[in-house]
Amino acid sequence: MRQSGLFTKISRTAPKDEISINAQLLARAGFVYKNSAGVYSYLPLGWRVIQKIAQIIREEMNIIGGQELFMPALVEKKYLDITGRWDVEIGFDVLGKKDEKPSFGLGWSHEEILAAIAAKYINSYKDLPFYAYQIQTKFRNEPRAKSGLLRGREFMMKDLYSFHTSEEDLFDYYGKVADAYHKIFKRCGLKAVYTVAAGGAFTKHNTHEFQVLSDVGEDIVLICEKCDYAENKEISKLKEGGKCPTRLPDGQKCGGKISEKNSIEVGNIFPLGTKYSEAFNLQFADEKGGKKHVVMGSYGIGLGRLMATAVEVYHDKDGIIWPEAIAPFGVHLLELNGADAKEAYVHLQKYGIEVLYDDRDTSAGEKLVGADLMGIPWRVVASPKLKGKYELKRRSENQAKTVSLSEVARSVNKRTKA
Ligand code: ATP
Ligand code: MG
């Protein structure tokens, strides 16, 4: 894409009403626009990042048998009345006409709807298990909206729901989802720690969170420095400086030192049991013809929070440093001081590289500052003094090298496809 055609522009100053680094950098670089507290528009650059994250999530969900669907944000009160979740504090009501009481809410989770849908199709054990997910907008009336895109009042979530004949089958699949989640976060360049967490409003079982360690995180985990075993402080009996109780495969206790760390919850998985299937009369006939309630699980990842977490973890004083797989473009091509980089623009795209081509009629300084702020993983500079060669530099490194055009394509592709 030619940057001269990009309608957003870089801004040198941070918005005054943003405290968090993620929102400051994303707003300055033109990735997002803040409509209201906790409500953000994704501008073309930000939307590209979200699409990359969504694609990674879809690939991993499809591998574990997830079928994608889409459920509306508008949820009628009658569904949430069944489970007593209409009056939750985080819910948004949609006002009815004039004096009518609200009869719809904006969905903050979709267990009820999918349980109702499943009740229409599931009759026998032969119909199970099945797994369905969506990437959709959720609404939560979050009281604290100081963390930028980490905590939106409207945000995109991938929510997967699984349906099983037994708890054993649920927990077998639960493990597969956990593995898929680890793959998703790793592909997005993040290390997420598997953390034992509270059952919350959902369930009597423990749930598990995926926590990325970060000083700006609103969660606190107690984590073993040796084996990464972690518990959310909300439920943990572990103490900072204590010893890790985990049993190793040889039966010995791990004994590693426990420390307390701030972290960002990027994902959460829940064994739901039969709470929703009982509420929605979701039953199946087993092999002997007896009726049983379907056993469910649900599994969430926030896409905007994931993007914001990457910014919190990967930035420096000059701007964002995107992990390769979720960067809006692979290469930022800058033509400086009257050089013409059109040939390079065409060439790199021929090699399947996504290029943001800064062809704007503006100073070298402005282009270089902008490139650092935007954080595209590779910077390629064309300038008259390079005599037909190009300067190639990774955003994450200080060293630049001067290379030919074919070498640029080779280096970028080698690193990106590795
Ligand atoms: P938190 O404890 O941070 O408020 P939660 O536990 O209420 O989040 P879940 O219901 O577990 O959230 O939602 C699943 C995932 O959706 C979370 O792991 C997170 O990635 C994302 N998410 C939840 N709330 C928000 C929000 N307000 N803004 C952005 N993403 C969110
Ligand atoms: Mg959670």
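Analyst: R48 sits over the face of F329, 3.9 Å from the ring centre. A charge counts as over a ring if NZ of Lys or CZ of Arg is within 6 Å of the ring centre and within 35 degrees of the ring normal. R394 does this too: its charged end lies over the ring of W378, 4.8 Å from the centre.

A quick word on the model: it's predicted, so local features need pLDDT of at least 70 and side-chain atom pairs count only at pLDDT 80 or more, while totals for chains, interfaces and linings use all residues. Side-chain values use heavy atoms, leaving out hydrogens and water, and residues are numbered from 1 along each chain.

Now for rings meeting rings. There are 12 aromatic pairs here; rings of Phe, Tyr and Trp (its six-membered ring) pair if their centres lie within 6.5 Å, with planes under 30 degrees apart called stacked, over 60 edge-to-face and the rest tilted. Y131 and Y173 are stacked, because their centres are 3.7 Å apart and their planes are at 5°. This pair joins distant parts of the chain, 42 residues apart: Y131 is in strand β7 and Y173 in helix α5 (helices are DSSP runs of H or I, at least four residues, and strands runs of E, at least two, numbered from the N terminus). Both Y131 and Y173 are buried, meaning under 20% relative accessible area with a 1.4 Å probe, protein chains only.

Y174 and Y299 make a tilted pair, 6.1 Å centre to centre with 55° between the planes. Y174 is also in helix α5, while Y299 is in strand β16, 125 residues away. Together with F171, the residues Y131, Y173, Y174 and Y299 form one aromatic cluster.

Note on methods: Chains are lettered from A and ligands numbered from 1 in the order in which they are written. Buried means under 20% relative accessible area, exposed over 50%, partly exposed in between (1.4 Å probe, protein chains only).
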